[in-house]
2 protein chains.
Amino acid sequence: MSAAIAALRKRVGMSRPIGVVHVDLPENDFAALFRLLEHDPHSYLSADPAAYAFAIGRSFYGPVLPAGSVSLGWSSWSVQWLSRVPMPVPDHVQAAFSRDTQVRALYAEQARSDWRRFLGERSRELCRGGRLVILSMAADEERGFGYDPLMAGMHSSLSLMREEGVISADELQNMTIPTFGRTRSEFAEPFRQGAELYECLRLEQLEIFLAEDRIWLEYERSQDAEDYARKWAAFSRASVFPTLALSLRTRQGDGRVERFMDRLEAEMASRLATSPQRMNMPLALLELRRT
Amino acid sequence: MSAAIAALRKRVGMSRPIGVVHVDLPENDFAALFRLLEHDPHSYLSADPAAYAFAIGRSFYGPVLPAGSVSLGWSSWSVQWLSRVPMPVPDHVQAAFSRDTQVRALYAEQARSDWRRFLGERSRELCRGGRLVILSMAADEERGFGYDPLMAGMHSSLSLMREEGVISADELQNMTIPTFGRTRSEFAEPFRQGAELYECLRLEQLEIFLAEDRIWLEYERSQDAEDYARKWAAFSRASVFPTLALSLRTRQGDGRVERFMDRLEAEMASRLATSPQRMNMPLALLELRRT
């Protein structure tokens, strides 16, 4: 945000107020965001006296801002999350790894309608000439979701935990990460000629690329497999364990969520340490323009 | 907010977007606010499709919104909180009950400068013709802060807890509630003729009144002293115990804050139950207009 504001300042001068609106689900820890903005000397609030920060706790699959009120949008690592779980995945926690064709079709259909819904809301909110930059998880040309060793380690760890009775069969059954890696063609679909819906939204750029695996690069240098495994397990915990834990039957204060996460993180780390591999991480970068 | 929006809708019609910006300290639980706005069928977000909710986690003793961007402001039960603790109160937790004249003078001076700071920021943020309604704790004509039985019960409970070693002398010494009940004259001071600072802000209404004590009214009906005491103790816990607990030396996970609050709430309740009294609660209602 600081980089974007600095670029805008060259055009609009120092005194024009710039409002930054952070949108996330209602459950997000907005206090952490506001503390960071206030105390970090490099935050845009600290650095720019005419910058203002706002938060909105609402799903971006509905309206979040007034029509025509946004000049520049930035959405990072979010649009791969579906608006809902279409159905539990019986043979995995991630539909992309399921052998059930009905599951995969339902998730693809949800991803298709969510993408249209997202674009519809944003095209209403952007002002004329406004732009939206999106970074998202994606699928490569072979429909590959990526993260194969990570997802295999997660699934086999959970299976072991079910066998040991740490989680029940029912709980595992309902553990689902509702993310979807769209292909280039799925991202582009609403913008095809004849797709009347987005006449006012132009796809100016669409790039699918593989992200650099920094954890792997560090492993190549250090040959420290434990460190590699610990970092990927910690990444998994931060990004998706809370979603998995939603299906646990807990009572307030019983500490079960914490124990579940500790165990799963440890299991994943021990599996990942046995044979470190470079993680395949397909990403999409899109630039849209409201005409 | 719903009532205010309904009144505005009669003037501006149903389609004009109305943004509601909730401002509180960065530490506030904004997730609870957004969950309520989303799930309560009577919330303005549920009831009004052209209403938008925003949160800002910043102190209102500095700028929070762009100049001229606010049509209607509403500040409730907040401006009695000072921007900082001028000094610990040696003989109480609330400066209004201290016999130390230096303490009382310092708190009054802080209240004076905070009030000017608050008004200065708001006069910048209000648009021309915009209005600001403020409800605040206040002092009555005899400088009375009110809540005498409550504050006496709190102070004697804390003194007992120190004697018993539940809290240390140092911790009690630093327990201070930095609220200040301004008198009518203190609220009016910046608006007096010759006070050049607020030429563009007019005080249209200033009323000091005693709030209805609903807990007392219910006691008069029920004669249930335990219920009366429990409710006032719970009110104290919610409103000021977190501030008192800031001075406790704790380690993460030691549960000390929880035990401190439980004990203080129980002590206060047992004291308050011995002789229920109507609580004196001076409040101020102000209406300001940006010219």
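Begin by selecting helix 9 (residues 225–239) and helix 11 (residues 256–272) of chain A in this predicted model, and turn the view until you can see that these two helices pack at an angle of about 145°, with their axes 8 Å apart. Where helix 9 of chain A passes helix 11 of chain A, the crossing is right-handed.

Next, show the side chains where the two helices meet. On helix 9 of chain A, select the contacting residues, among them A:Tyr228, A:Trp232 and A:Arg237, and then, on helix 11 of chain A, select their partners, including A:Met261, A:Glu265 and A:Leu272. If you colour the residues of this contact by class, you will find nine nonpolar, one polar and four charged.

Now move to the place where the two chains come together, and display chain A and chain B side by side. Here 24 residues of chain A are in contact with 24 residues of chain B. The size of an interface is often given as the accessible area lost when the parts come together; for chain A and chain B, about 2,000 Å² is buried between them, with 65% of it on carbon and sulfur atoms.

Coloured by class, the side of chain A that touches chain B has 17 nonpolar, two polar and five charged residues.

Finally, look for polar pairs across the boundary: between chain A and chain B there are zero salt bridges, whereas three residue pairs, both residues at pLDDT 80 or more, are in polar contact.

Definitions and conventions. Residues are numbered from 1 along each chain as its sequence is written. Chains are lettered from A and ligands numbered from 1 in the order in which they are written. This is a predicted model: local features need pLDDT of at least 70, side-chain atom pairs count only at pLDDT 80 or more; totals for chains, interfaces and linings use all residues. Side-chain values use heavy atoms; hydrogens and water are left out. Contact means heavy atoms within 4.5 Å. Buried area is the accessible area (1.4 Å probe) that two parts lose on being put together, summed over both. A salt bridge is a side-chain nitrogen of Lys or Arg within 4 Å of a carboxyl oxygen of Asp or Glu. A polar contact is a pair of N or O atoms within 3.5 Å; within protein, one must be able to donate a hydrogen and the other to accept it, and residues adjacent in sequence count only if both atoms are side-chain atoms. Ala, Val, Leu, Ile, Met, Phe, Trp, Tyr, Cys and Pro count as nonpolar, Asp, Glu, Lys and Arg as charged, and the others, Gly among them, as polar. Axes are lines fitted to C-alpha atoms, for helices over the stretch in contact, and angles run from 0 to 180 degrees between N-to-C directions. Helices (H or I, at least four residues) and strands (E, at least two) are DSSP runs, numbered from the N terminus. A crossing is left-handed if the near helix is turned anticlockwise from the far one by less than a right angle, and right-handed if clockwise.
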